Each structure stands twice: as structure tokens, then as C-alpha cells.
Amino acid sequence: MRTRAALAAAALSVLAAAGCAGDSSPLPGRPTTSAGPSATATAAPADVSCNPRASLRPAGALPAPGRMPAGSYMAEIQKRGRLVLGTSQDTLLFSSRNPFTGKVEGFDVDMGRQIAQAIFGDPDKIQIKVIAYDKRVSSVLDSSVDIVADTMTANCARWKDVNFSSIYYDAGQKVLVSKDSKATSIDDLGGKKVCAAKGSTSYDNIGKRASKPIAVDRPGFGDCLVAFQQNEVDAISTDDTILVGLAAQDPYAKVVGLPFTKEPYGMAMPKEHEDFTRFVNAVLAKNRADGTWKATYERWLGDFGGAPRPPAAEYRD
């Protein structure tokens with residue numbers, strides 16, 4: 001039995017400022033599913049109608065910072081004076097609020113700052129808008145953000161609503177359990193309550209396992225950590241990158257097993273602004289080639305080993 005009330009209280013104090021959820025949930029006007037534990041719900045089959053890793057090819061060389069092409073979406077952003085980035089504030093190492101500076105920072109935030117650098121010549125010309133995970137797609141559609149970088153898996157269902165950049169990080173779903181647990185994978189948790197963010201692909205994937213763990217949703221993965229620490233669930237399952245951050249906040253937890261899914265992260269943008277998608281992909285291509293991606297990895301994730309090769313870009317045109 002875990003007794004970690006102090007840890008749970010600390011996590012709750014962080015969550016008081018952070019609204020977070022998953023984002024395979026339907027857009028407004030589409031059918032919804034009930035929340036909470038579900039031992040019998042059947043996850044919808046994966047949409048395999050596309051290659052989700054393939055984005056739009058860059059259109060030649062990057063323009064000089066501060067000289068965006070007339071009529072382009074980048075020129076609109078330049079005129080406004082800032083890039084609006086949608087992300088979370090409680091995903092440690094990727095996008096979390098620094099308790100000393102109050103700034104949201106991490107690997108995903110740096111991806112956005114690099115786009116601002118390419119547009120303005122200044123990475124600080126960025127407005128970070130904290131959004132719930134289940135608002136990542138809708139925030140792009142309603143133009144409240146220019147781009148989303150938020151541990152967001154590029155998949156065919158989402159491609160129907162937004163454009164994705166080329167893949168900038170490859171993750172995979174694992175499981176977090178108590179250090180005294182004998183479970184070595186999600187398949188050892190049949191009949192056990194496993195938490196994931198509401199509407200997330202992680203929640204969907206739990207329901208697809210043959211061992212039949214009981215999927216439990218919470219507004220966000222920070223909320224899952226609180227539920228885990230209060231013994232309301234037996235485990236948490238999501239991308240390994242997110243679990244590493246959660247485990248760093250709980251000395252009684254461990255991440256186990258091999259990845260049982262592939263979660264390629266892309267930045268989401270409006271479909272009507274293809275020029276912006278091509279521009280972002282040109283920035284990513286430059287950063288893969290000149291070592292910027294590697295330096296970003298080493299800054300945020302270097303404690304977990306040397307930087308791998310960045311994901312190779314794939315294009316659909």
C-alpha cells in the first residue's frame with residue numbers, strides 16, 4: 001500500500017495552475033464517449049488511411065529572418081510581432097512551468113522558439129498559450145494559436161483536421177507502476193486500473209490490450225499522478241517521455257516494459273496555411289543538419305543518454 005499524501009498534495013498544488021487533458025476526443029459537434037473507468041469499452045480501430053509521418057516538402061531555401069514573403073502566413077505573424085505557441089505547462093522536460101522563473105520551458109517550447117527565431121531573428125518573440133490537451137486540435141482550428149508543440153502524436157485522424165510538421169521526436173507508450181509492483185508491462189495489469197489523460201490516444205491504447213486493464217481517465221497526466229499517489233489507480237500509461245517526467249516527481253514509482261506503441265510527435269498547424277507548414281519543415285530540416293536538434297535534445301533529455309539521430313523527414317509531395 002502506498003502512503004504518499006505529501007507527494008499528492010505537492011502535485012495538487014502544481015495542478016491548481018495547470019489545466020491539461022488528452023486530445024483524441026471529438027471536436028465540437030461530434031459524438032462523445034463517457035468519462036471514467038471502462039473495462040468493456042471498445043476503442044475505435046486506428047485510422048491507417050495515410051502515412052502520418054509524411055508532411056509537406058519545404059519550398060526552397062528559408063527566407064532571411066524579418067523578411068517573410070509578402071502574402072504568406074509567416075508575414076502575418078511577423079506583422080503581429082509574435083508567434084503564438086500552444087502547449088501545456090505540466091509536461092516535465094517538454095513543456096512545464098519553471099517554479100523559479102514562472103516561464104514555461106522544455107523541448108517542445110524550444111521547438112516553437114526555433115520557429116520564432118526563423119521568422120523574427122529573435123526566439124523570444126513568442127507568446128506561449130497554455131492549452132488543455134483536448135484543445136490542441138481545436139485551438140489550431142479556431143486560430144487561437146499559430147502552432148501547437150505539445151507531445152502530440154501525428155496520426156491520420158488528426159491529419160484530417162490539421163497539418164503536421166515532419167516528425168521531430170519519436171516516443172512510445174509504456175507504463176508507470178509502484179516500485180514494489182511485480183508488473184513488467186501493460187499486459188501484467190489485466191483487471192487493474194490504469195490511468196491516462198481524458199480523450200488521449202494513450203487512453204484509447206489501454207483499451208486495446210488483450211489483457212483487459214481497466215482504463216481510467218483524468219483531465220491530464222498530472223492528475224493521473226495524483227490519482228496514482230492516492231491509490232485510486234494502479235498504474236499510469238502514456239508516452240515514455242511523459243512517464244519519465246512523472247517518475248522524476250515520485251520516488252516510489254518506476255517505468256517498466258518496452259514501448260507497445262509508436263508515437264511520432266509533430267507540430268500541428270492550420271491546413272489552410274500550407275506555406276507555414278512548408279516553412280516549419282524547412283526550419284526543422286536546417287536544425288537537423290546543423291546540430292540544433294541535437295543540442296536541444298542534450299539540453300532537456302541528455303540525462304537519459306546520448307542524443308539519438310533525429311527522426312528523418314518524410315514528405316507526401
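Me: Among contacts between residues at least 6 apart in sequence, what percentage join residues at least 24 apart?

Reply: It's 74% in this protein, with contact meaning heavy atoms within 4.5 Å. Keep in mind that this is a predicted model: local features need pLDDT of at least 70, side-chain atom pairs count only at pLDDT 80 or more, and totals for chains, interfaces and linings use all residues. Residues are numbered from 1 along each chain as its sequence is written, and side-chain values use heavy atoms, leaving out hydrogens and water.

Me: Thanks. How many helices and strands are there?

Reply: The protein has ten helices and 17 strands. Those are DSSP runs numbered from the N terminus, with helices being H or I of at least four residues and strands E of at least two.

Me: And what share of the residues is buried?

Reply: Of the 317 residues, 50% are buried. Buried means under 20% relative accessible area, exposed means over 50%, and partly exposed is in between, using a 1.4 Å probe and protein chains only.

Me: Which other residues have a positive phi although they are not glycine?

Reply: Leu93 is one of them, at about 85 degrees, and Ser143 has a value of about 65 degrees. As background, most residues other than glycine have a negative phi.

Me: Where are those two found?

Reply: Leu93 is in the loop between strand 3 (90-91) and strand 4 (95-97), while Ser143 is in the loop between helix 4 (136-141) and strand 7 (147-148).

Me: Is Leu93 buried or exposed? And Ser143, buried or exposed?

Reply: Leu93 counts as buried, at 18% relative accessibility. Ser143 counts as exposed, at 52%.

Me: Switching to helix packing: at what angle do helix 3 and helix 10 cross?

Reply: Roughly 150 degrees, with the axes of helix 3 (residues 107-120) and helix 10 (residues 292-301) coming within 10 Å. The axes are lines fitted to C-alpha atoms, for helices over the stretch in contact, and angles run from 0 to 180 degrees between N-to-C directions. The two helices are therefore roughly antiparallel to each other; that label covers angles over 145 degrees, with under 35 roughly parallel, 65 to 115 roughly perpendicular and the rest oblique.

Me: Which residues in helix 3 meet helix 10?

Reply: Phe107, Asp110, Met111 and Gln114. Their partners in helix 10 include Trp293, Tyr297, Arg299 and Trp300.

Me: OK, new topic. Which side chain does Arg278 join through a polar contact?

Reply: The side chain of Asp317, at 2.6 Å. A polar contact is a pair of N or O atoms within 3.5 Å; within protein, one must be able to donate a hydrogen and the other to accept it, and residues adjacent in sequence count only if both atoms are side-chain atoms. Arg278 sits in helix 9 (residues 274-290). Leaving aside residues up to four places away in sequence, Arg278 also touches Leu56, Arg57, Pro58 and Ala59.

Me: Last one: where is Ser49 found?

Reply: In the loop between helix 1 (5-15) and strand 1 (54-55), exposed at 57% relative accessible area. Ser49 and Cys156 are 107 residues apart in sequence, yet 6.4 Å apart in space, C-alpha to C-alpha. The side chain of Ser49 also makes a polar contact of 2.6 Å with that of Asp47.
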